[in-house]
Amino acid sequence: MSTPARFLCYNKIMKSYIVGNWKMNFSVGESSVYLHKLSQKLRASRGLTVVVSPSFVALQPLSLQIDRKKLRLAAQAGNPHDFGAYTGAVSYTQLRGIVDYGIIGHSERRQLFHESDKDIRASVAAALRNQITPILCVGETETEHTFGETEDVIRDQLLGGLSEVSTEDISKVIIAYEPIWAISTTTDAHLASPDEIGDVAGFIRHTLKDTYGAATAKEIPLLYGGSVNPSNAGGYLTIPEINGLLVGGASLIADQFIDIIEIAKKVQD
Ligand code: PEP
């Protein structure tokens, strides 16, 4: 994807993020080997934070292996209760000190695990009280997109997920826009265009401004996710409102993830 001229006014003031969501992939051993490879190739960069999100079983051992100057860990989900009779669950309290970030409200959690806005709001609050930065995912389905309901859906998910967050804490939150219709697609026709993403990102920023004020809203990192790969990453990273990428499929291939990180560094420079 080429970079349209109007996108070249990228806001370099804000830190940028590349987040890899590994989903339910890799054994603990494979995760460790991957992390080792990534660590060897990466140089620490002030303006860019690289985050990977392995499955729960790998988080604790990887937290001992990771060089935090180069890389950070995220949980893919978490339970908002601190401790108690919640069989099979892992809480943000238990994740404290192990991860720095938590992906919350991913569309797969909303759709496959029936997480509601109430669950998501509680997770955002739990992450914050455990010093974990929430990466709150919002995004519309293909039907909602087709019927022009995108802004209503995004507003509801955004305000629903953030309603327990104070003005003081909002600067510790990251938002990821992930249109569900553009996730893990193999056809170019289903890729979101920079124009479409720019419009929704502008709407998200505007909604945050209405709630938290212009100065605060400007500082909230806004990521894009949806079939990002080394060929389209540069175009997405130069959308003015976008401060980074959430990468699924391409983050499973170390060389592709490294290429995306290198592209982000070039855009940042
Ligand atoms: C995701 O599921 O968060 C995601 C962005 O996946 P992909 O990059 O494969 O579309």
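User: Where is the place of Asp82?

Analyst: This is a predicted model. Asp82 is in the loop between strand 3 (72-75) and helix 3 (92-95).

User: Why is Asp82 called partly exposed?

Analyst: The relative accessible area of Asp82 is 33%. Buried means under 20% and exposed means over 50%. The value for Asp82 lies in between, so the residue is partly exposed.

User: What separates the C-alpha atoms of Asp82 and Leu38?

Analyst: A distance of 32 Å. Along the chain, the two residues are 44 residues apart.

User: Now the ligand. Which residues are the closest to the ligand?

Analyst: Lys23, His106, Ser184, Ser227 and Gly248 are the closest. The ligand is surrounded by 15 residues. By class, this shell has four nonpolar, eight polar and three charged residues.

User: What about His106 and Ser184?

Analyst: For His106, a side-chain N or O atom is 2.7 Å from an oxygen atom of the ligand. Ser184 uses a backbone N or O atom, 2.6 Å from a ligand oxygen.

User: How much of the ligand does the protein bury?

Analyst: Taken alone, the ligand exposes 290 Å², and the protein buries 98% of that. The space taken by the ligand is the second largest pocket.

Note on methods:
Residues are numbered from 1 along each chain as its sequence is written. This is a predicted model: local features need pLDDT of at least 70, side-chain atom pairs count only at pLDDT 80 or more; totals for chains, interfaces and linings use all residues. Side-chain values use heavy atoms; hydrogens and water are left out. A residue is near a molecule or strand if one of its heavy atoms lies within 4 Å of it. A polar contact is a pair of N or O atoms within 3.5 Å; within protein, one must be able to donate a hydrogen and the other to accept it, and residues adjacent in sequence count only if both atoms are side-chain atoms. Accessible areas come from the Shrake-Rupley method with a 1.4 Å probe; for residues, only the protein chains shown count as cover. On a 1 Å grid over the protein atoms alone, a cavity is a set of points where a 1.4 Å probe fits but cannot get out, and a pocket is an open set with protein on both sides within 12 Å along at least five of seven lines; lining residues have an atom within 4 Å of a point. A molecule sits in a cavity or pocket if more than half of its atoms lie within 2 Å of its grid points. Ala, Val, Leu, Ile, Met, Phe, Trp, Tyr, Cys and Pro count as nonpolar, Asp, Glu, Lys and Arg as charged, and the others, Gly among them, as polar. Helices (H or I, at least four residues) and strands (E, at least two) are DSSP runs, numbered from the N terminus. Buried means under 20% relative accessible area, exposed over 50%, partly exposed in between (1.4 Å probe, protein chains only).
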